[in-house]
Amino acid sequence: MAPTHGQEEIEGRYKEYAYSPVPASSTSAVYDSTTLAKYPVDIGAGSPKYRTYGVYEKCRVAEMTEKGSTLLQYVAAAAANLCCVSAGAMLGWTSSVIPLLKDEEAVNNGYNPLGRIIDNEEDSWISSLVSIGAIIGSFVAGYLAERYGRKMTLLSAVVPFLIGWVLIATAKVVIQLCVARVILGFALAFAFTVVPMYCGEIAEISVRGALGSFLQLFVTIGLLYSYSIGPYVSYLVFCIVCAIVPVVFVGCFIMMPESPYQLLKIGKKQEALESLAKLRSKTIASVQKEADEMQASIDEAFKNEAKLSDLWKVKANLKALVFTCVLVAFQQASGINVVLFNMGTIFTAAKSSLNSSVATIIVGTVQVITSGITPLVVDRLGRKILLIFSGVGEIVSLAALGIYLYLDEQKADVESIRFLPILSLVIFIATYCVGWGPLPWTVMGEMFASNVKSKASGITVSICWLVSFFITKFANDLQDKFGSYTLFWLFAVFCVASVIFTILVLPETKGKSLQQIQNELSGIHHSEIPEFGDISKH
């Protein structure tokens, strides 16, 4: 066989192989042999480079005949996101318990574990201290994910979850509740930091957006779980059923494979191939090329050991960090937590005949249904169009809610539009869950290079919960001073800014490999990179 000239390119990066030459005297020797032949290729650099045959060609034939399946990728992502159900159940705990702790009748009947009513200041601390725990936990989770792997780090989250629930179940004083909420916030950070990393690394390009948007869906499932159980059981039983969720998570996720990226990064190439083959439902030969591409991407990222300063010294890292931090800041600035925490007040303002517990369950159901839409459409429509649609829906609903509250405060006749607060709330929740709820986490799992992903994810999650803390802690003060309508209009203004940012600044990541995203953030466009095996450019 005559020597063939060409370049081998893996995800836009050249990789040199040096193998012992073997004879290749026939076509079958090229396609069927598991040994590799090397042929000199002049790429204009003075010294010969090599094009490899054998396993690559055999893998290419295998790829053409093996379609594989994405089923296990969905199963593994769902199992990982059970950790997010645990987080959602914990976030929903306040919806049922805070009214109980403020109810005089609950104190008299012995249902209040503290034996007294809590005041508004204690209420604000119990609600907001989760964010403080999450800020601390995001950095710890990022470090552990880098040191011990994605899977082990997620499994370890069960420990702070269980400690937190034991402290809450046995609490007799407010300070114990506050400590428990910090610990549970610490556990929550493991889900929000590591789950997007894991899902982004196990997924094929075609389903990466869907798997990345699972986080919001599973958080809302956890919220609905709490909404549906909390009002109808005792305080202790509620704590027990919430503590069961992280145990179920461990039982399901422990059987799932580790991220192939993580295994390649620590040098376990055979285990990475087995993990990738399992996730793709293909043979090892069929996933060899994809594994090589992953390895090339990792090798490029790890040419120099990553330092924290690389996040702002390297152009791609800085842009990715700015994009993701702005996304999560806008997510919280939409006022989602304030809206959820004031749900009862909004229903009261509408003079709804629905019981507040039932109304909360209805809104929780809307959250789950709309969050389930995003995984179905995100890889078809893209991230930006859903974020824009979501932002516009938030603007309209928050503006309408503010108008109603303003008219009501001005003693105007609002009898004919009593439905508006409920309608606004449903539209706000629905549009938030389609876009700004899940997609910041999807983008976070896609944008960072392997060598900085853990550090960058920790910073992004900490920014998210820092913004959440200030908004949750001080929203009541702003509301008392300027009125409820001003608060919701302010959230609408932030939503306008988020839409402008998405249209003018945020890059689209739909249909792009992780390496392509890195190239574009670095200013390298795909058209500037030779195609794999393209010999026409020599």
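Guide: A residue counts as buried under 20% relative accessible area, exposed over 50%, and partly exposed in between, with a 1.4 Å probe and protein chains only. The model is predicted, so local features need pLDDT of at least 70 and side-chain atom pairs pLDDT 80 or more, while totals for chains, interfaces and linings use all residues. Residues are numbered from 1 along each chain as its sequence is written, and side-chain values use heavy atoms, without hydrogens or water.

Visitor: How many aromatic pairs does a search of the whole structure find?

Guide: The search finds 18. Rings of Phe, Tyr and Trp (its six-membered ring) pair if their centres lie within 6.5 Å; planes under 30 degrees apart count as stacked, over 60 as edge-to-face, and the rest as tilted.

Visitor: Why is the pair of Phe192 and Trp465 called edge-to-face?

Guide: The centres are 5.5 Å apart and the planes stand at 90°; an angle over 60 degrees counts as edge-to-face, so the name applies.

Visitor: What parts does this pair tie together?

Guide: Phe192 belongs to helix α8 (residues 174-202) and Trp465 to helix α24 (residues 453-482), so the pair joins parts 273 residues apart in sequence. Helices here are DSSP runs of H or I with at least four residues, numbered from the N terminus. Both Phe192 and Trp465 are buried.

Visitor: What makes the pair of Phe428 and Tyr432 stacked?

Guide: Their planes meet at 15°, with the ring centres 6.3 Å apart, so the pair is stacked. Phe428 and Tyr432 lie four residues apart in helix α22 (residues 420-434), about one turn of the helix. Both are buried.

Visitor: How do you know that Lys473 lies over the face of Trp125?

Guide: Lys473 is at 4.6 Å from the ring centre; the criterion requires NZ of Lys or CZ of Arg within 6 Å of the centre and within 35 degrees of the ring normal. Trp125 is also linked by ring pairs with Phe469, Phe470 and Phe474 into a cluster.

Visitor: Why is helix α3 called largely enclosed by the rest of the structure?

Guide: Of its 31 residues, 23 are buried, so α3 is largely enclosed.

Visitor: What makes Glu122 buried?

Guide: Its relative accessible area is 17%, and buried means under 20%. Glu122 is placed in helix α5 (residues 120-148).

Visitor: Which side chain makes a polar contact with that of Glu122?

Guide: The side chain of Arg116 does, at 2.8 Å. A polar contact is a pair of N or O atoms within 3.5 Å; within protein, one must be able to donate a hydrogen and the other to accept it, and residues adjacent in sequence count only if both atoms are side-chain atoms.

Definitions and conventions: Helices (H or I, at least four residues) and strands (E, at least two) are DSSP runs, numbered from the N terminus.
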